[in-house]
Amino acid sequence: MPPSEDLESRGAKNRGGSYTSSSVIEDSETQWTSWLVPMFVVANVAVFVVAMYINNCPKENSRVQGKCVAGFLGRFSFQPLKENPLFGPSSKTLEKLGALEWKKVVSKHQGWRLVTCIWLHAGIIHLLVNMLSLVLIGIRLEQQFGFVRIGVIYLLSGFGGSVLSSLFIQNSISVGASGALFGLLGAMLSELITNWSMYTNRAAALLTLLVIVAVNLTVGILPRVNNFAHIGGFVTGFFLGFILMPRPQFGWIEGRNLPADVRVKSKYKAYQYVCWLVSLVLLIAGFTVGLVMLYKGKNGSEHCHWCHYLSCVPTSSWKCDETQF
């Protein structure tokens, strides 16, 4: 039997330099078929079609902002670009269908908006960008870790993004799956950290992922982009990655085939157990504090006077109190 170092070395080679490469896990041939992420894509597209049908621009538009865009689509035509430059429905329609709005969540106890808002999109451009990102990131992760773990990360990250958005964005509505998508990015980062010994070119993989996250968060300071959803989703997904994505040691995998009287390695390394426990505590504490503050009607900006700049930097050219996505 080859030493465990050789087995780990062979596993590292299979990993390659990419943070999305496959690895030797409990069964080296195991790879799940991705079906949940495609279903998420279909669901988001279907919800957008329903939103456009209900919006019915030709009937509801007062033409104060201009004519409906792509009028040949009939009731599926888009709102005037002055009102919605992303080619989508009106804010009124989004609000009716479950967009995140602080007053309705707190005053009217419509907590379901914390979930429904992640299935709505402000326009077809918004939808296409998010769904392309979901396909590129989510399918590969689902193939590696299965639909249960990726589904939990996606939904809880979207919820975490909604909670943080509600604490800081209280004068406009918010929609979009961006928080859930950033949760997948956060999980990729923690997966890289917790399974650090299984990677080659670790520094390059880490730097690449950090650059991707930094660029997206920087774009988040533009108007209409809800960076608080990005940050809340990313942090949630980061903690969930430590909880749901640790890889067993190669020595443990090989040791399962040894005689019962032979001592084998622990399934996980000590630092993986520590990361798991710390992440679980911080995640529970974060959700608890966030929800308590939300339902007490607290404004996060009162406790952090500069935090609003994380989502939008107002200038003479744009305002920051419009629909967020």
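Which residues does the UniProt annotation "transmembrane region" cover? According to that unreviewed entry, the annotation covers residues 35–54, 118–139, 151–169, 175–196, 203–222, 228–246 and 273–295. The structure discussed here is a predicted model.

**Annotated spans in the model**

Two of the spans named in the record can be set against the model's secondary structure. Residues 35–54 are 95% helix and 0% strand, and the end C-alpha atoms of this span lie 29 Å apart. For residues 175–196, the chain is 77% helix and 0% strand, with a separation of 35 Å between the end C-alpha atoms.

**Salt bridges**

The structure contains three salt bridges.

| Salt bridge | N to O distance |
|---|---|
| Lys104 and Glu95 | 2.7 Å |
| Glu101 and Lys104 | 3.3 Å |
| Arg247 and Glu191 | 3.7 Å |

Glu95, Glu101 and Lys104 are joined in a network of salt bridges. Glu95, by contrast, has a relative accessibility of 24% and counts as partly exposed.

The remaining entry in the table pairs Arg247 with Glu191, whose closest N and O atoms are 3.7 Å apart. Arg247 lies in the loop between helix 10 (227–244) and helix 11 (250–255), whereas Glu191 belongs to helix 8 (residues 178–194), so this pair ties together parts that are 56 residues apart in sequence. Are the two partners buried or exposed? Arg247 is buried, at 5% relative accessibility, and Glu191 is buried as well, with a relative accessible area of 2%.

Rolling a probe the size of a water molecule over the atoms shows where empty space is left. The largest cavity holds about 80 Å³ of space. Its lining is made up of 15 residues, and those closest to the centre are Ser165, Ser174, Gly176, Asn226 and Ala229. Helix 7 (124–168) and helix 8 are the elements that give two or more residues to this lining. The greatest contribution comes from helix 7, with four residues.

What is the make-up of the lining of the largest cavity by class? The lining has six nonpolar and nine polar residues, and no charged residues.

**The loop around Gln31**

Gln31 is located in the loop between helix 1 (4–15) and helix 2 (36–55). With a relative accessible area of 46%, Gln31 is partly exposed. Which residues is Gln31 in contact with, leaving aside its neighbours within four places in sequence? Gln31 is in contact with Arg140 and Gln143 when those neighbours are left aside. Gln31 also lies 8.0 Å from Gly146, C-alpha to C-alpha, although the two are 115 residues apart in sequence.

Terms used:
Residues numbered from 1 in each chain as written. Predicted model: local features only at pLDDT ≥ 70, side-chain atom pairs only at ≥ 80, totals over all residues. Heavy atoms only, no water. Salt bridge = Lys/Arg side-chain N within 4 Å of Asp/Glu carboxyl O. Buried < 20%, exposed > 50% of the residue type's maximum accessible area, 1.4 Å probe, protein only. 1 Å grid on protein atoms, 1.4 Å probe; cavity = no way out; pocket = protein on both sides within 12 Å on 5 of 7 lines; lining within 4 Å. Points joined across faces, edges and corners; volume = space filled by probe spheres on them. Nonpolar A, V, L, I, M, F, W, Y, C, P; charged D, E, K, R; others polar. UniProt positions renumbered as here; feature names shortened; annotations may be inferred. Contact = heavy atoms within 4.5 Å.
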